[in-house]
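Subject: Structure handover and findings

Hello,

The structure we talked about is below. My notes follow it.

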Amino acid sequence: MTRPDRPRRTVLYVTIGAALVVATLIGVIASAQPSSDVGSNTPLLGNSAPGISGPGLAGGHYTLSQFRREWVLVNFMATWCPPCQAEMPQLQAFVKQHAKAGDATVLTVVYDPTNVGALKTYLAARKAYWPAVDDPAASVPYGVTGLPSSFLVAPGGTVYAYVPGEVTASELDSWLRQGLAKGLGRAAP
């Protein structure tokens, strides 16, 4: 009678267990609820937004400073992030609501340098024609540790809100109204 190879079986069980733990963690992270606390986990609130500069995914070159006269949602994303995909219709609605007035936009920033081509294709397929930039150094000064991560930058360049998780167009509009009530959002001469 042949005895099963116990070391191989042990390796198999350990591998399966590790895969289950990783799958569970991914599921927990992917299903996290959007945060309504716009001030959590960032020292950037009320301070100048760190610079962003790099080639645009659809061509050209973008910097955060070129949008100083409008509200900018700096949105770090990747195509492999399910919550990033889930918030896409909200980003599209936000951009559409503000297109005529030209008072707000989204600036997508590539989070994963290996995802540049896929993100370019993803945005184009969804007709997300707002600026998208590849700045590999940007996530560090913003302290991005998870996706999606969004920073609402007021005209003039001050970080007004931080959202770790999915954003909605209505939340963004609410923060814009609050900022306008505080005297932010007026174009500098």
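Before the rest, the conventions. This is a predicted model, in which local features need pLDDT of at least 70 and side-chain atom pairs count only at pLDDT 80 or more, while totals for chains, interfaces and linings use all residues. Residues are numbered from 1 along each chain as its sequence is written, and side-chain values use heavy atoms, with hydrogens and water left out. Helices (H or I, at least four residues) and strands (E, at least two) are DSSP runs numbered from the N terminus.

Confidence

The predictor's confidence in each residue is pLDDT, from 0 to 100. Its mean over the protein chain is 85, and 77% of the residues reach 70 or more. Among the elements, β3 has the highest mean pLDDT (98) and helix α1 (residues 6-30) the lowest (53). The pLDDT is below 50 over residues 20-39, a stretch that has 16 contacts in the model beyond near neighbours in sequence. Contact means heavy atoms within 4.5 Å.

The sheet

Strands of a sheet pair through backbone hydrogen bonds, either parallel or antiparallel. Here, two strands pair if DSSP finds at least two bridges between them. The open sheet has 5 strands in the order β5-β4-β3-β6-β7, with mixed pairing. β5 (132-133) and β7 are the edge strands, each pairing on one side only.

Strand β6 covers residues 149-153. On one side, β6 pairs with strand β3 (residues 71-77) in the antiparallel sense over 5 bridges. Within that pair, N75 has S150 as its bridge partner, and L73 stands opposite L152. β6 also runs antiparallel to strand β7 (residues 159-164), joined to it by 5 bridges; there F151 stands opposite Y162. The β6-β7 hairpin has 5 residues between its strands, and G156 in the turn has a positive phi of about 100 degrees.

β3 pairs with β4 in the parallel sense over 7 bridges, with V110 of β4 as the bridge partner of M77. The chain goes from β3 to β4 through helix α2 (residues 82-99), a right-handed β-α-β crossover. Right-handed means that, with the strands pointing away from the viewer, the path from the first strand over the helix to the second runs clockwise.

In β4, 7 of 7 residues are buried. A104, V106, T108 and V110 point one way, and T105, L107 and V109 the other. β4 and β5 are parallel over 2 bridges, and T108 has A132 as its bridge partner in β5. With α3, these two strands make a right-handed β-α-β unit. Helix α3 (residues 116-125) lies across β3, β4 and β5, at about 150 degrees to β4. That angle is between N-to-C directions, from 0 to 180 degrees, with axes as lines fitted to C-alpha atoms, for helices over the stretch in contact.

T42

T42 is in the loop between α1 and β1 (53-55) and is buried, with a relative accessible area of 12%. Leaving aside neighbours within four places in sequence, T42 is in contact with F151 and Y162. A polar atom of the T42 side chain lies 3.1 Å from the backbone nitrogen of L44.

Regards

How values were computed:
Buried < 20%, exposed > 50% of the residue type's maximum accessible area, 1.4 Å probe, protein only. Polar contact = N/O pair within 3.5 Å; in protein donor to acceptor, adjacent residues only side chain to side chain.
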